[in-house]
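The report that follows describes one protein chain, moving from its surface and overall layout to a single annotated residue.

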Amino acid sequence: QGSAPFLVCATAGTTVLGAFDPLDKIADICEKHGLWLHVDASWGGSALISRKHCRVLHGIHRADSVAWNPHKMLLAGIQCCALLVKDNSGLLKKCYSAEAAYLFQQDKFYDVSYDTGDKSIQCSRRPDAFKFWLMWKALGTTGLEERVNRALALARYLVEEIKKREGFQLLLEPEYANVCFWYIPPSLRKMEEGPEFWQKLHQVAPTIKERMMKKGSMMLGYQPHRGKVNFFRQVVISPQVSREDMDFLLDEIELLAKDL
């Protein structure tokens, strides 16, 4: 269209599938063409806390800016969002400061550099960083790392259990804590995978979701995605979740769908 690109936005941990872009390869292109590289690591950024799983973010150090939400995987108090910028020339203040005379007066008796509100995108926003700092002090780096490792270990356990059970089918091998799968009820297991099959399978997840909500046994999200019919999406986060909970989830789906 004749426009000049100036920014590439990569994603580290997509919302539905938990997929990670190849950050190093993208950074190579950005360096070659002088483009700003922003990484949306809102969901996947917490993998950096884990020495075992940080490899999924290889190359993120080359980004010019990164968005990260500790309130997701790390369970900091909602909301807790960070925008990290490599530029240290006061870029955010240059972009967002309104220099309003009734805010952040410059002739105060203390060091006014502590008045960070004038560089915030939302001036009256609560200080998210404090929530994360307090949690970090309470749990420690090791505690946060264990939280990430446990969540991903449980996700892997669920994946392996899905592979063992008749009627359950993964969309793909997950990169993160997003486990996406179909439940194929008994009536569809011998049907050929044509248009009618996928049309019928599309109705299965909403029906099971309705039943589990009316029963009050659990809550599990579903959605279609890029041509794929409705599937379940289990995202493992809470450190209170156990293997028994993962077993219950699969058992309950089978129980609620045994007549479908």
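## Basis of the model

This is a predicted model, in which local features need pLDDT of at least 70 and side-chain atom pairs count only at pLDDT 80 or more, whereas totals for chains, interfaces and linings use all residues. Residues are numbered from 1 along each chain as its sequence is written, and side-chain values use heavy atoms, with hydrogens and water left out.

## Overall layout

The chain holds six helices and eight strands, taken as DSSP runs numbered from the N terminus (helices, H or I, at least four residues; strands, E, at least two). Of the 260 residues in the chain, 40% are buried, that is, under 20% relative accessible area, with exposed meaning over 50% and partly exposed in between (1.4 Å probe, protein chains only).

## Strands E1 and E2

Strand E1 (residues 7–11) and strand E2 (residues 36–40) run parallel and are joined by five bridges, where pairing requires that DSSP finds at least two bridges between the strands. Thr11 has Asp40 in E2 as its bridge partner.

## Lys72

UniProt, in an unreviewed entry, lists Lys72 for "modified residue: N6-(pyridoxal phosphate)lysine"; such annotations may be inferred rather than shown by experiment. Lys72 is found in the loop between strand E3 (65–68) and strand E4 (82–85), and is partly exposed, with a relative accessible area of 28%. Leaving aside neighbours within four places in sequence, Lys72 is in contact (heavy atoms within 4.5 Å) with Ser42, Trp43 and Ile237.
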